[in-house]
Amino acid sequence: MFDALITKLKAEPKTIVFTEGPDARILEATSRLLAEGIMKVVLVGKVDEVEAAAKAGGFNIEGAQIVDPETYAEMDAMVDKMVELRKGKMTPEQCKANLLKGNYFGTMLVKMGGADCLLGGATYSTADTVRPALQLIKTKPGNSIVSSCFIM
């Protein structure tokens, strides 16, 4: 089952955004994904912190894109899109404050086409990982429930 998935991903690598860039477990996964050519990787976090954590852990993350929400060039467009999606439930200031958090920022990267998928939950709770997805991406029409899982 996994061999077929890996073969498919290698043929057409997707981009995954990891919301907790400096976490050692995320950096290890990033190193492995990049070394095996399985996926393109976006790490959310302060560039110097992510790079220092990777160096300290001995993880090669060359080829990963590191994005700091505080210096993201398209933040204004992201805020505008999030205000639109939240339909008056959040002000631009509230949206920006949330987008400075990796879980919301990563979700909006997916929503706006900057990544194909997201993985979070290394340091965020399940609720804090799923909430942004439900608020911004929503469920598929006709579906009213969600679930999550992970495979180790």
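A helix here is a DSSP run of at least four residues, marked H or I, and helices are numbered from the N terminus. The structure is a predicted model. Lys138 sits in the segment that follows helix H7, which covers residues 126-137.

**Overall fold**

- The protein chain has 7 helices and 4 strands.
- Along the sequence, these elements follow the pattern α-β-α-β-α-β-α-α-α-β-α.
- The protein chain is as compact as a globular protein of its length, because its radius of gyration is 16 Å, close to the 15 Å that the globule rule gives for 152 residues.
- The C-alpha trace spans about 45 × 40 × 25 Å along its principal axes.
- Of the 152 residues in the protein chain, 34% are buried.

**Nonpolar patch**

- A nonpolar surface patch is made up of Met1, Phe2 and Leu5, which together have about 370 Å² of accessible area.
- Leu5 belongs to helix H1, which covers residues 2-11.
- Leu5 has a relative accessible area of 44%, so this residue is partly exposed.

How values were computed. Residues are numbered from 1 along each chain as its sequence is written. This is a predicted model: local features need pLDDT of at least 70, side-chain atom pairs count only at pLDDT 80 or more; totals for chains, interfaces and linings use all residues. Side-chain values use heavy atoms; hydrogens and water are left out. Helices (H or I, at least four residues) and strands (E, at least two) are DSSP runs, numbered from the N terminus. The radius of gyration is taken over C-alpha atoms; the globule rule is 2.2 Å times the number of residues to the power 0.38. Buried means under 20% relative accessible area, exposed over 50%, partly exposed in between (1.4 Å probe, protein chains only). Patches are made of residues with over 30% relative accessible area and no salt bridge: like charges are joined within 9 Å, nonpolar side chains (Val, Leu, Ile, Met, Phe, Trp, Tyr) within 5 Å. Accessible areas come from the Shrake-Rupley method with a 1.4 Å probe; for residues, only the protein chains shown count as cover. A salt bridge is a side-chain nitrogen of Lys or Arg within 4 Å of a carboxyl oxygen of Asp or Glu.
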